[in-house]
Amino acid sequence: MGRRRRETVRMQAAELFEQRIKPPEAARLRVSLKSAYQWHQRWREGGVQALASRGPSGSRCRLSPRCLEKLAVYLQQGPAAHGWVEDKVWTAARVTTLIGRKFHVSYSVSGATRLMHRLGFSSQVPARRVAERDEQAVTVWKEATWAEVKERGRPAGATSASRTRQASPADRREAGPGADAAAPRS
């Protein structure tokens, strides 16, 4: 649900509060009772304006609009233009490094990913293969060894070892634990 939609719901709640409708009845707007009470409190203290949107949440972007434009240009140029020539993909780690080099601002990898999405780019994970990879040996291993390893496992008739799951009557022994305690000792 977007920010505008949430604000619309809060404004509908304010209309209900002006009609002297209590917060529990405002729950018909499909909001939690807690939200209805919080909105009612804010409405009593500051009126309808207290329920208006306060803008986007979260921390501010650490790059100015001008820097964001420059970053978009750098991303358009591609990774090779900035020293990554082995493959032509932007990874989030590379964008983090680029931001640090060009703007002297530290971003986390996840923050760089969000920033890329905001600018209309996506990070990619390159498929790295060893140069000496022997495709024939890999195929043989997959067909022979992996098939053998994959088939191992629990037998089909195995039962749960859970302490909380009671054994079925067929699995119980006639003389269970403690059965000999009732028998007289000689």
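**Questions about this model**

Buried residues make up 24% of the 186 residues in the chain; buried means under 20% relative accessible area, exposed over 50%, and partly exposed in between (1.4 Å probe, protein chains only). This is a predicted model in which local features need pLDDT of at least 70 and side-chain atom pairs count only at pLDDT 80 or more, while totals for chains, interfaces and linings use all residues. Residues are numbered from 1 along each chain as its sequence is written, and side-chain values use heavy atoms, with hydrogens and water left out.

Biologist: Let's start with the fold. How many helices and strands are in the chain?

Modeller: Helices (H or I, at least four residues) and strands (E, at least two) are DSSP runs, numbered from the N terminus. From the N terminus on, the elements run α-α-α-α-α-α-α. The chain has seven helices and zero strands.

Biologist: Which residues have the most contacts inside the largest nonpolar core?

Modeller: A nonpolar core is a set of buried Ala, Val, Leu, Ile, Met, Phe, Trp, Tyr and Cys residues joined through side-chain atoms within 4.5 Å. The largest one has 17 residues, and α4 (65-77), α5 (92-103) and α6 (109-118) each supply at least two residues of this core. Those with the most contacts inside it are L63, L71 and I99.

Biologist: Which residues does I99 touch?

Modeller: Contact here means heavy atoms within 4.5 Å. Leaving aside residues up to four places away in sequence, I99 touches L63, L71, H104, V105, Y107 and L115.

Biologist: And how many residues does the second, separate core have?

Modeller: V9, I21, V31 and A36 are included in this second core. Its residue count is 13.

Biologist: Now the outside, please. Which residues form a nonpolar patch on the surface?

Modeller: Patches are made of residues with over 30% relative accessible area and no salt bridge, with like charges joined within 9 Å and nonpolar side chains (Val, Leu, Ile, Met, Phe, Trp, Tyr) within 5 Å. With about 310 Å² of accessible area together (Shrake-Rupley method, 1.4 Å probe; for residues, only the protein chains shown count as cover), the patch is formed by W141, W146 and V149.

Biologist: I like charged pairs. Which residues are linked in a network of salt bridges?

Modeller: Side chains of opposite charge can pair when their charged atoms come close, and a salt bridge here is a side-chain nitrogen of Lys or Arg within 4 Å of a carboxyl oxygen of Asp or Glu. The structure holds two salt bridges: R94 meets E86 at 2.9 Å, N to O, and D87 with the closest N and O atoms 2.8 Å apart. R94, in helix α5, is buried at 6% and D87 is buried at 18%, whereas E86 is exposed at 53%. The linked residues are E86, D87 and R94.

Biologist: One last stop, S32. Which side chain does a polar contact join to that of S32?

Modeller: S32 sits in the loop between α2 (23-26) and α3 (33-46) and is partly exposed, with a relative accessible area of 39%. A polar contact is a pair of N or O atoms within 3.5 Å; within protein, one must be able to donate a hydrogen and the other to accept it, and residues adjacent in sequence count only if both atoms are side-chain atoms. At 3.1 Å, the partner of S32 is the side chain of S35.
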